[in-house]
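Here are a few exercises to work through with the model open beside you. Try each task before reading its solution.

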Amino acid sequence: QSSLTVYGVADAGLVLEHGGDSGAVQKIGSGVASSSRLGFKGREDLGGGTALTFVLENGYSIDTGATKQNGALFGRQALLCVSGEAGSFSIGRQYTPFYKALNNVADPFATGMAGNTQNIFDGTTRIDNTVEYITPRVAGFAADVQYGFGETAGDSSKSRSIGASGSYEQGALTVVLAHQQRDNPAGTAHSHNTMLAARYRFGAITGHTALARNRDLLGIESRDALLGMTAQFSATDKLLFSLIDHHDKSAAQQHARQAAIGYSHALSRRTDLYAAYGHIRNSNGALFRVGTAADSGSGTTGVNLGVRHVF
Amino acid sequence: QSSLTVYGVADAGLVLEHGGDSGAVQKIGSGVASSSRLGFKGREDLGGGTALTFVLENGYSIDTGATKQNGALFGRQALLCVSGEAGSFSIGRQYTPFYKALNNVADPFATGMAGNTQNIFDGTTRIDNTVEYITPRVAGFAADVQYGFGETAGDSSKSRSIGASGSYEQGALTVVLAHQQRDNPAGTAHSHNTMLAARYRFGAITGHTALARNRDLLGIESRDALLGMTAQFSATDKLLFSLIDHHDKSAAQQHARQAAIGYSHALSRRTDLYAAYGHIRNSNGALFRVGTAADSGSGTTGVNLGVRHVF
Amino acid sequence: QSSLTVYGVADAGLVLEHGGDSGAVQKIGSGVASSSRLGFKGREDLGGGTALTFVLENGYSIDTGATKQNGALFGRQALLCVSGEAGSFSIGRQYTPFYKALNNVADPFATGMAGNTQNIFDGTTRIDNTVEYITPRVAGFAADVQYGFGETAGDSSKSRSIGASGSYEQGALTVVLAHQQRDNPAGTAHSHNTMLAARYRFGAITGHTALARNRDLLGIESRDALLGMTAQFSATDKLLFSLIDHHDKSAAQQHARQAAIGYSHALSRRTDLYAAYGHIRNSNGALFRVGTAADSGSGTTGVNLGVRHVF
């Protein structure tokens, strides 16, 4: 059997940004809580518990109709996957294990709204030319390894990327350790990010925490820490909150702190209204900005008010 | 409940253009009678008479496969809309109220074929970053207001656009007054267009008329007038006709007149064959050209022959 | 009645290339056996045996999500077609009759994998702005003529293209004679390609042969010859093999020979695993490279290993 599904997100809202270099700005934001997308996915049962799936996912801006991800048609995800009892093996343009840990476990905002963890946290979201293997979950443990080909003739280490994560889930607890590194095009240096993230559900309250260590291509080191909370007040209402601290270990000491609060009210299973406020205090000339799921922002304060529809 | 629909138009034909600077040309036209498009739209009933809808509509050229609208994937329309008894509120990249009046009421050719009113009439078709509110129709009256954010930090008037229309429908008569203005990126000047358009159905004959006053960013004023007719001969056959007069109020007096005739023969509810002829007489070096629904033309005479399929 | 179908191919694999100027390279290939694509097609029955169909087909890279065909959204195919007892007439961006003969009859690899005939054979795959007429098949014979408008004002011969083929099918035998020519933008010269191709099915073995004569815009002539075989071992397993000889008739004598072998194992009706090896021996500085269905390669040896899913 084979199937094809067309799916997506249409998310639009008002975004107010203050504290930027050129003054305040009011925008129509596209993909504020979740990036707007249109995808095509399919699944074929190959027998013996094995299935083939594919995902082709476009990112677009609902305010202009333009394609995101530098114009790549399926710039969000493009992959072919064979999965079965032995795990899943996939190939294409894919999320990094590091990003999945950040989005799924660490961030109460799921990298959306003014509270987007990626306003501060370093790391790459997607990598081209990847192969990835995810183990089945055994006794709560699972692992995810990903290799991104550099595709440079004569030297396979140039532009290469490597990612991996190990996770443990037991009842209310999820813990994940994720790592990612990328070689530069010359093959002379690589950046890396390592994060330990955890999430625990105390009834209606979910606590989130993450600690990441980063080193960029110039060897500059930094540390990011997050403490967050999701409070599900009712079947339809949810409060999100997070505090993030960025510590720059270089002589410049360009530290930053972000505090953010968000609220989501579900109108249906597929549609919610949301509001959020985020503020960043930059130290010593640090240039962190409050963005949204889909867009980096221009200000140190961001206010969001919008509607998200999942189809 | 939720639904997703894939829809569109595939329109292709022969386009002959004469009277251009470089001589005559024969082309395959894409989107001659109606611009070729592929759209994804959905609707979710939110209860209490309220519904959420979204539209993502791509414009493409069937002769080359290329994306229209400067490459924007959903450059025709990209919007999220909440509608109910109190009217509809939408957000995204949307048609201007001015364009909707031109297309739906004024132009017998519905801005298509060689008779496209936009060959002569000024005005913007779509605006990015808009919010729009349309009232319910009460006692025949309805209003439509639209605001396009300029999204310029520090000065919200830069690149801003404002549009509005009021309409009256009673039996065979439709009258609409539409206005549109846009500020330039520096926020130092704005253009505007105001149009009164009417349509009246006399049995199988529909009469159309429109009068527009325009002022561009340099302050140059002009006036456009249209007189048109749609004659539905039978269930499948329709004749279209229009005369347009452009009066340039500047010292250059670059006036123009267009006459156009078109014919459509329906092969089915979804498919028709069409033919059209349009001619423009430019005065004092005016540079108006006969185009089609999707393309501006190169000549002062245009001939179309094609097929349009709506899916 | 009317219908819309979303269809496509997701094909990804490992591609190893050796013998290129910059050394060996390992890549994730997208569209190795068949180019990855996503299409929308529809059909409307117009009565009397006549039907209208349209095809809008995108080509994408599964390794990056990017659009192929220089960014054209429907760069693989975009066409509207009316077909009936008298044949089919279509308009849009279409395959050349020459390419269809190469892909469907001559090449056991169907222009895919390391054995892609187009690594060596000259000719254009698709043409913009075309009208095409294909006759019904009568007593085994059919013809296909295509005209591509140059769309240059003042001189319709500039950038014009003309293609045609005649074919004969009887039982196990298919023979096709195809021709193609293109005028340059200045209208001062034209290239042309003429090919005779044949395919014969001896039970589980199919033999392929083709001979082409080419002249480029500079008047340089060459000849390409192919001998190939498809061996269907079982319902799921197939071996492909071809030898190609390129003879350069210019003084430079830049000849080339390609040998390629491929294997396909079907996992289901829609999915197969494939492997292929191709090698080119260039003479006197010829620069032919081993590519895949979707990409030209960098080496004179290519190895493929991948999975293809048709949906």
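**Exercise 1. List the buried residues of α1(B), and say how far the helix is enclosed.**

Solution. Start with the list: the buried residues of α1(B) are Pro97(B), Phe98(B), Tyr99(B), Ala101(B), Leu102(B), Asn103(B), Val105(B) and Ala106(B). Buried means under 20% relative accessible area, exposed over 50%, and partly exposed in between (1.4 Å probe, protein chains only). Helices (H or I, at least four residues) and strands (E, at least two) are DSSP runs numbered from the N terminus. Now the conclusion: eight of the 10 residues of helix α1 (residues 97–106) of chain B are buried, so the helix is largely enclosed by the rest of the structure.

A note on the ground rules: this is a predicted model, where local features need pLDDT of at least 70 and side-chain atom pairs count only at pLDDT 80 or more, while totals for chains, interfaces and linings use all residues. Residues are numbered from 1 along each chain as its sequence is written, chains are lettered from A and ligands numbered from 1 in the order in which they are written, and side-chain values use heavy atoms, leaving out hydrogens and water.

**Exercise 2. Place Lys68(A) in its chain and decide: buried or exposed?**

Solution. First, find the loop between β4 (50–59) and β5 (77–84) of chain A, which holds Lys68(A). Next, check accessibility: at 19%, Lys68(A) counts as buried. Finally, look for its partners, with contact meaning heavy atoms within 4.5 Å. Not counting residues up to four places away in sequence, Lys68(A) touches Gly59(A), Tyr60(A), Ser61(A), Ala294(A) and Asp295(A).

**Exercise 3. Describe the contact between chain B and chain C.**

Solution. Begin with the residues: 32 come from chain B and 28 from chain C. The two chains bury about 2400 Å² between them, 73% of it on carbon and sulfur atoms; this is the accessible area (1.4 Å probe) that two parts lose on being put together, summed over both. On the side of chain B that touches chain C, β1 (2–18), β2 (25–30), β3 (37–47) and β17 (301–310) each supply at least two residues. β1(B) gives the most, with six residues.
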